[in-house]
Amino acid sequence: MPEVSRVDLTPAAADLIRRLRAAHGPLMFHQSGGCCDGSAPMCYLEGEFRTGSSDVLLASLSVEGVGEPVTFWMSSSQFERWRHTHLTVDVVPGRGSGFSLEAPEGVRFLIRSRLLTEAERAALDS
């Protein structure tokens with residue numbers, strides 16, 4: 001059975017991650033819960049956004065051409081609301097937050113979501 005993940009990447013997002021990694025170094029994501037950034041996945045240098053006991057590591061994403069996993073975090077309070085959701089990181093034209101590394105590229109990361117299937121939920125809960 002293939003490995004089940006809560007987070008996947010589109011080919012366009014993986015390509016942008018490779019470019020950002022080459023320019024900046026190891027990367028991480030933190031899924032914003034709203035406020036100034038809407039609910040966008042924010043891309044930072046690994047460790048630049050401080051995570052703690054109030055954050056959940058949803059995935060360590062393997063990206064071809066990137067030597068280390070790209071971690072994907074979410075606040076635990078937001079995870080409680082989204083725990084039954086599969087996230088796909090995509091990239092679209094437009095300007096996102098000035099805090100996220102892709103902002104100067106004229107594109108922004110965004111999340112496409114769907115409910116987890118029964119099989120995915122069972123695999124993730126085991």
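These notebook entries record what I looked up in the structure above.

**Basis.** I worked from a predicted model, in which local features need pLDDT of at least 70, side-chain atom pairs count only at pLDDT 80 or more, and totals for chains, interfaces and linings use all residues. Residues are numbered from 1 along each chain as its sequence is written, and side-chain values use heavy atoms, with hydrogens and water left out.

**Entry 1: the sheet.** I took helices (H or I, at least four residues) and strands (E, at least two) as DSSP runs, numbered from the N terminus. Two strands pair if DSSP finds at least two bridges between them. I looked up an open sheet of 4 strands and found the order 3-2-5-4, with mixed pairing. Its edges are strand 3 (41–45) and strand 4 (55–61), each of which pairs on one side only. From one strand to the next, the twist averages 25°. I then turned to strand 2 (residues 27–31) and strand 5 (residues 70–75), which run parallel and are joined by 4 bridges. Within this pairing, phenylalanine 29 has phenylalanine 72 of strand 5 as its bridge partner.

**Entry 2: helix 1.** I noted that helix 1 (residues 11–24) lies across strand 2, strand 3 and strand 5, and runs at about 125° to strand 2. Contact here means heavy atoms within 4.5 Å. Axes are lines fitted to C-alpha atoms, for helices over the stretch in contact, and angles run from 0 to 180 degrees between N-to-C directions.

**Entry 3: salt bridges.** I counted a salt bridge where a side-chain nitrogen of Lys or Arg lies within 4 Å of a carboxyl oxygen of Asp or Glu. The structure holds 6 of them, and I followed up several. For accessibility I used buried for under 20% relative accessible area, exposed for over 50%, and partly exposed in between (1.4 Å probe, protein chains only).

In helix 1, I looked at arginine 19 and aspartate 15, which are 4 residues apart, about one turn of the helix. Their side chains meet in a salt bridge of 2.9 Å, N to O. Arginine 19 is partly exposed at 43% relative accessibility, and aspartate 15 is partly exposed at 34%.

Next I examined glutamate 68 and arginine 21, a salt bridge whose closest N and O atoms are 2.6 Å apart. This pair links distant parts of the chain, with glutamate 68 in the loop between strand 4 and strand 5 and arginine 21 in helix 1, 47 residues apart. I found glutamate 68 partly exposed at 23%, and arginine 21 partly exposed at 25%.

I also recorded the salt bridge of aspartate 90 with arginine 112, where the closest N and O atoms are 2.7 Å apart. Aspartate 90 lies in strand 6 (residues 85–93) and arginine 112 in strand 7 (residues 107–115), so the pair ties together parts that are 22 residues apart in sequence. Aspartate 90 is buried at 11%, whereas arginine 112 is partly exposed at 43%.

**Entry 4: aromatic rings.** I paired rings of Phe, Tyr and Trp (its six-membered ring) if their centres lie within 6.5 Å; planes under 30 degrees apart count as stacked, over 60 as edge-to-face and the rest as tilted. The count comes to 3 aromatic pairs. One of them, phenylalanine 29 with phenylalanine 109, is edge-to-face, at 5.0 Å centre to centre and 85° between the planes. Phenylalanine 29 is in strand 2 and phenylalanine 109 in strand 7, 80 residues apart. I found phenylalanine 29 buried at 0% relative accessibility and phenylalanine 109 buried at 1%. Ring pairs link Phe29, Phe72 and Phe109 into a cluster.
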